[in-house]
Structures are given as structure tokens and as C-alpha cells.
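Please look over the sequence and the model below. A short report follows, arranged by topic.

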Amino acid sequence: MPKRRQVRRTKATASNPKPILEPGVSKHGGLYQGNSANNIHPDGRKSRILNPNSEEGVLYTVKVTERPSKSKKSEVPPPQSDKPQSDKPQPQQYTISKIRRPDHVTWASRLCASFGIELNLNNVDTHLYRPSKPLAVYINWTFYASFTAVFFSFLVIFFVLCLLFAGFLALAGHFHPDCMVVSGDPYGTNPASKFSDAFAMSWTTFTTVGYGNVYTATGNDFDQSDSEDCTGVVFLCTLESFTGLLYAGMCAAILFGKVNRVQSHAHLTFANAVCLQYEDGGIELVDDDLSDSDCDVNDSEVEEGEKKSGLDISSVSHKVARPTFRETFKGCPVLKFQVVNDFCNKGGGEIVDGMMKVVGIKAKTKDGKITHSQYVRVNLVDSEHPFFGRVWHGVHILDTDSPLLTNSAKERIRGEFNGSWPEEWLVKPEKIRRKLDFQSLVITVSGISNISACTVHAYKRYKFQDVIIGFDFAPLVYENEELNKLEVDMSLTHDVREQHKGSGEDLKNVHIPLQDGQNLSKGSGLGERGSSTLFHASTGGNFSS
């Protein structure tokens with residue numbers, strides 16, 4: 001293993017992050033909280049109030065209803081509620097179905113509709129595309145299945161079609177044996193090989209191979225003068241060869257679509273967890289050997305300057321103090337997402353004009369039941385990467401504009417603590433977790449592949465249990481001194497490191513309240529949370545601080 005040297009990983013905008021959302025303005029098109037009674041925006045436009053109960057950043061809300069049980073209703077009467085029963089009648093619910101009158105639907109109109117000609121001009125679905133359901137189901141399945149499964153499905157369909165046409169050819173050869181020639185003899189000369197001869201005729205015709213050992217008879221075969229009796233056999237073979245051409249084209253189109261999907265998939269690796277960080281990490285990532293070119297000064301020039309001025313500047317530090325974590329993010333924790341390019345150690349595998357987006361999924365409950373499901377936009381500090389070649393960290397600030405915090409927590413941060421988190425909230429990871437309000441997070445990355453020049457994308461879904469508190473991702477980039485270039489240690493993609501000793505939650509003895517009210521406790525040295533995350537000690541390389 002080549003010797004590694006730490007590499008500084010800083011961002012130009014890390015010390016001055018731009019605000020995620022302007023106060024009172026929603027980026028997705030328009031919830032303005034009016035500053036006056038007339039709801040007038042400060043720039044003179046009229047504000048739009050979508051819903052007084054709507055949250056800022058919500059993309060859309062889906063209502064969740066209860067489905068009636070399919071089992072027989074219990075004879076036990078439902079428990080009586082203490083609330084007074086309202087005399088207001090319940091709203092009625094109807095199912096709208098489209099009725100086609102018999103006088104407008106005839107065999108002629110159906111035949112014309114199959115050819116794209118609609119005779120009923122009053123039908124609003126005249127030009128609605130209606131693909132064949134079995135064919136659509138099969139084609140969609142081929143995109144979900146593997147190449148091996150698709151190949152075997154092609155093989156099964158090929159044999160089924162060949163057997164089907166072989167049966168028809170065997171039947172035709174039974175009535176007209178002189179219309180099929182098998183090795184120079186009429187069909188059926190050897191009764192034991194009738195079906196095998198018909199199958200050989202079928203698959204050679206279907207694939208248009210045409211070996212010549214089995215073929216349709218012509219007028220010169222067997223001194224046959226009346227060739228009209230073989231018209232049915234010739235038509236059947238023509239239909240089978242045309243079907244074979246169509247089947248070969250369909251298989252090629254499906255394989256081309258699967259290859260195109262492989263090309264449109266971004267070769268990225270997402271970390272298995274999301275880190276929630278609220279303090280500086282325990283490792284210093286600044287390399288003392290690296291310095292800014294603007295600050296490089298020749299030693300002789302420094303000594304000459306000392307002699308001329310008579311000043312001793314040996315005690316002056318040339319290091320510029322970096323802002324702390326709390327100063328950078330104004331006292332708020334952050335969620336970090338890590339994405340690694342699989343072609344990071346190869347040239348030409350970059351993603352150009354990369355775009356990272358995060359969507360949060362929240363569930364609104366009432367009386368212990370889910371009533372609404374919301375998709376919320378999770379804004380990132382830097383959501384664009386012009387040349388994504390190695391590692392990309394998406395950062396979301398958990399401040400008053402974050403849709404991933406509870407409403408009570410945001411109100412207290414905004415009102416009582418002047419926009420930052422109080423120290424008492426950051427004492428225990430359990431307190432931080434209770435301030436979060438989401439079920440899962442979906443992160444998507446898209447861009448243009450430098451390899452195929454195609455638009456590529458990839459996504460990853462994280463559950464609430466995948467968020468670990470008090471950790472940051474382990475450094476991946478190191479300098480390969482043998483090759484004199486920077487490389488990424490892919491074995492450390494899923495490694496995380498505590499902010500400092502004892503600041504993160506204990507991943508070996510996990511006791512985390514899940515969002516459904518259950519508790520999970522493990523004490524076996526392997527921490528487990530839910531059904532998606534397993535924690536164990538890292539076996540990857542170490543970076544000395």
C-alpha cells in the first residue's frame with residue numbers, strides 16, 4: 001500500500017454559506033406570508049396564500065384514507081366515543097364510470113378504432129393511446145429483470161412459437177404430404193419422425209436459416225403438376241418467417257433498451273448512512289505542507305526584509321484561523337450525504353454539470369393513524385457540481401427553514417434561541433433525534449457522463465434509522481506518492497468517524513426509538529438499527545491526525 005498523505009478538503013463557500021430560503025418566500029412557486037392585512041409583498045406584488053396550514057417547502061401532500069376490511073364485519077358493536085355525535089350528514093362518495101352506449105359501439109367502429117380511425121366523434125378518449133396490456137406488462141418486466149432472465153424468456157417464447165407452427169405444419173403435412181420435402185422424400189415417408197421433421201421445418205423457417213434438408217415442394221418435385229394444393233403450406237411458412245423477423249426485431253429492441261438504461265445509470269456509490277454533525281470533526285484535514293500560492297514567500301526575501309526593517313517576524317504565525325463549525329453554520333447541526341464516483345481512480349469517468357437533489361417524506365398522524373403523506377424539498381448548501389470526479393458531500397442545514405424539523409423545534413429556534421440550537425439540545429443524541437420529523441429521505445444525482453456523453457442519474461433512499469448523530473464521514477482522498485496523483489480509497493466509502501471521542505451515539509449498543517413507537521436495543525458488539533443498517537468496527541485504512 002503506498003504511503004498516504006492527508007489532503008485538504010475545503011470549499012470556497014464553506015465559511016459563508018448562502019441562505020437556503022429567503023424569509024417568507026417559497027422557492028417552489030409561491031407561498032408568501034403577507035406582511036400586512038392586504039397581503040402585499042414588499043416588492044409590490046400581491047402575495048398568494050395557498051393554505052394557512054401549509055408548510056414552506058412542501059412539494060405536494062397525499063391524503064391517506066382507511067380501506068374497509070374485506071373480512072366479514074364483526075358482530076361486536078364499535079365502542080362508543082365520549083364525543084357527542086354530530087347530526088350533520090356524512091358526505092357521499094361515488095365512483096365515476098364511463099358508459100358506452102350500445103348503439104354507438106358496433107363491430108365496424110371497433111374495427112376502425114383498431115386501425116386508429118375513430119368514428120364516434122363525441123368520445124373524449126378518441127386519440128388516447130391504449131397499448132396491449134400483456135405486451136406492455138412483458139416489456140416493462142424486461143427492464144426490471146436481469147439480462148439472464150430476459151435471455152431465458154426470449155428462449156422460451158422462441159420454442160413456444162416454433163412448436164406452435166410445427167403443429168400447424170404437421171397438420172398440413174398430414175393432409176398434403178407431397179407439399180413438404182424431407183431429404184428428397186415426401187413428408188411422412190418415415191412415420192416415426194413426422195413431428196421432428198415438422199419442427200425442423202418450423203425453426204428453420206422461423207429463423208430464415210434454410211438449411212435445405214426440409215423445404216416446401218415446388219411444381220417440379222415428384223412430377224407434381226397441380227401446385228395449388230400447396231398454397232396453404234406456402235402461406236403458413238411465409239407467415240412464420242415474417243413472425244420470426246418481427247420477433248428478432250423485438251428482441252433486439254428490448255436488448256437495446258436495456259443497454260440504453262445501463263448507459264443512463266450513473267456509476268455512483270452512496271454511503272449507507274446519513275451523518276448528522278453538530279461539532280467540528282476530531283481529525284485535522286489541513287496539510288501543513290500545502291500552502292496558498294499567493295502566500296508563498298522566499299526565505300531569502302524574508303531574511304532580507306528582517307534585516308532592513310529590524311523586526312523579528314519569526315514569532316508571527318502564517319496560519320489563518322478557520323471559522324469553527326458552529327460559526328460556519330450559525331449554531332445549527334447539518335445532515336451530510338456522501339456520494340462517491342465509481343470511476344474516481346480512472347480518467348474520463350467524471351460527471352459534468354452534476355445536480356444533487358434531496359426529497360423528504362413525512363407522515364402526518366392524527367389519533368395514532370396516518371392521515372397525510374407529504375413530500376418536502378430539502379435544500380442543500382451546494383446542489384451543483386460542475387465536474388464531479390471523486391467525492392461529493394451534500395450538506396443540509398437544520399435551521400428554521402428546514403422541513404425536516406418538528407414545528408415546535410423550529411418555533412423555539414426562531415423565537416427563543418435567535419436562530420441557533422441551544423447547547424442543552426446537543427447534550428444527548430436522543431434529544432437531537434426527537435427534533436427530527438421525517439420518515440425517509442430520497443437523494444438523486446444527475447448529470448452528463450463524460451464516458452458516454454449521455455444524461456445519467458442515480459438515487460438512494462434512506463430511512464429514519466439510517467441517520468447517525470455525532471459522526472462525520474471518514475476521509476477518502478489520499479495522495480499516491482508512487483503515481484504522484486490523488487486517489488480515493490473505495491474501501492472507506494461507508495466508514496464514519498466520531499466528531500470527537502464520546503460525542504457520537506453508541507453504535508455498538510444501539511437503543512433508538514423508531515418512529516412507529518418501537519424500541520430497538522442491541523448489545524452484541526454489532527449495532528443494528530431497523531432492518532437496513534448494521535454497524536461494525538472499521539477494517540479500512542487509518543489516517544493519522
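Is Arg326 buried, partly exposed or exposed? Arg326 is partly exposed, because its relative accessible area is 28%. The model is a predicted one.

## Overall make-up

The protein chain has nine helices and 22 strands. It holds 545 residues, and 34% of them are buried. Its accessible surface comes to about 35,600 Å². Carbon and sulfur atoms account for 55% of that surface.

Among contacts in the protein chain with a separation of 6 or more, 69% join residues 24 or more positions apart.

## Salt bridges

The count of salt bridges comes to five. In one of them, the side chains of Arg326 and Glu423 meet, with an N to O distance of 3.7 Å. Arg326 sits in helix α7, and Glu423 sits in the loop between α8 and α9, so this pair ties together parts 97 residues apart in sequence.

Another salt bridge joins Lys362 and Asp437, whose closest N and O atoms are 3.6 Å apart. It also links distant parts of the chain: Lys362 is in strand β8 (residues 351-366), while Asp437 is in the loop between α9 and β12 (440-449), 75 residues apart. Lys362 counts as buried because its relative accessibility is 1%. Glu416 pairs with Arg412 in a salt bridge, the closest N and O atoms being 3.4 Å apart. Glu416 has a relative accessible area of 51%, so it is exposed. Arg412, at 35% relative accessibility, counts as partly exposed.

## Nonpolar cores

The largest nonpolar core has 46 residues. The members that touch the most others are Leu268, Leu276, Leu335, Phe337 and Trp421. Strand β7 (residues 334-341) gives this core its largest share, four residues. A second, separate core has 16 residues, including Ala170, Tyr187, Cys230 and Cys237.

Which residues does Leu268 contact, leaving aside its neighbours within four places in sequence? They are Val339, Val340, Asn341, Asp342, Ile351, Phe388, Val445 and Ala458.

## Aromatic pairs

The count of aromatic pairs comes to twelve. In one of them, the ring centres of Phe337 and Tyr462 lie 6.3 Å apart, and their planes stand at 45°, so the pair is tilted. Phe337 belongs to strand β7 and Tyr462 to strand β13 (residues 455-463), so the pair ties together parts 125 residues apart in sequence. Phe337 and Tyr462 are both buried.

The rings of Phe388 and Trp392 have centres 5.4 Å apart and planes at 65°. Why is this pair edge-to-face? The angle of 65° between the planes of Phe388 and Trp392 passes the cut-off, because planes over 60 degrees apart count as edge-to-face. Phe388 and Trp392 are both buried. Elsewhere, Phe158, Phe159, Phe206 and Tyr247 form one aromatic cluster.

## Helix α3 and its surroundings

A nonpolar surface patch of about 590 Å² is built from Phe151, Phe152, Leu155, Phe159, Leu163 and Phe195. Helix α3 (residues 147-175) supplies the largest share of the patch, five residues. Leu163 lies in helix α3. It counts as partly exposed because its relative accessibility is 42%.

Ser153 also lies in helix α3. Ser153 has a relative accessible area of 13%, so it is buried. Not counting residues up to four places away in sequence, Ser153 touches Tyr138, Trp141 and Tyr247. Trp141 is in helix α2 (residues 133-144). At 36% relative accessibility, Trp141 counts as partly exposed.

## Positive phi angles

Where does Lys330 lie? Lys330 is in the loop between α7 (325-328) and β7. Its phi is near 55°, a positive value in a residue other than glycine. Lys330 counts as exposed because its relative accessibility is 63%.

Asn418 is not a glycine, yet it has a positive phi of about 55°. Asn418 lies in the loop between α8 (407-415) and α9 (429-434). With a relative accessible area of 71%, Asn418 is exposed.

Note on methods
Residues are numbered from 1 along each chain as its sequence is written. This is a predicted model: local features need pLDDT of at least 70, side-chain atom pairs count only at pLDDT 80 or more; totals for chains, interfaces and linings use all residues. Side-chain values use heavy atoms; hydrogens and water are left out. Patches are made of residues with over 30% relative accessible area and no salt bridge: like charges are joined within 9 Å, nonpolar side chains (Val, Leu, Ile, Met, Phe, Trp, Tyr) within 5 Å. Accessible areas come from the Shrake-Rupley method with a 1.4 Å probe; for residues, only the protein chains shown count as cover. A salt bridge is a side-chain nitrogen of Lys or Arg within 4 Å of a carboxyl oxygen of Asp or Glu. Helices (H or I, at least four residues) and strands (E, at least two) are DSSP runs, numbered from the N terminus. Buried means under 20% relative accessible area, exposed over 50%, partly exposed in between (1.4 Å probe, protein chains only). A nonpolar core is a set of buried Ala, Val, Leu, Ile, Met, Phe, Trp, Tyr and Cys residues joined through side-chain atoms within 4.5 Å. Contact means heavy atoms within 4.5 Å. Rings of Phe, Tyr and Trp (its six-membered ring) pair if their centres lie within 6.5 Å; planes under 30 degrees apart count as stacked, over 60 as edge-to-face and the rest as tilted.
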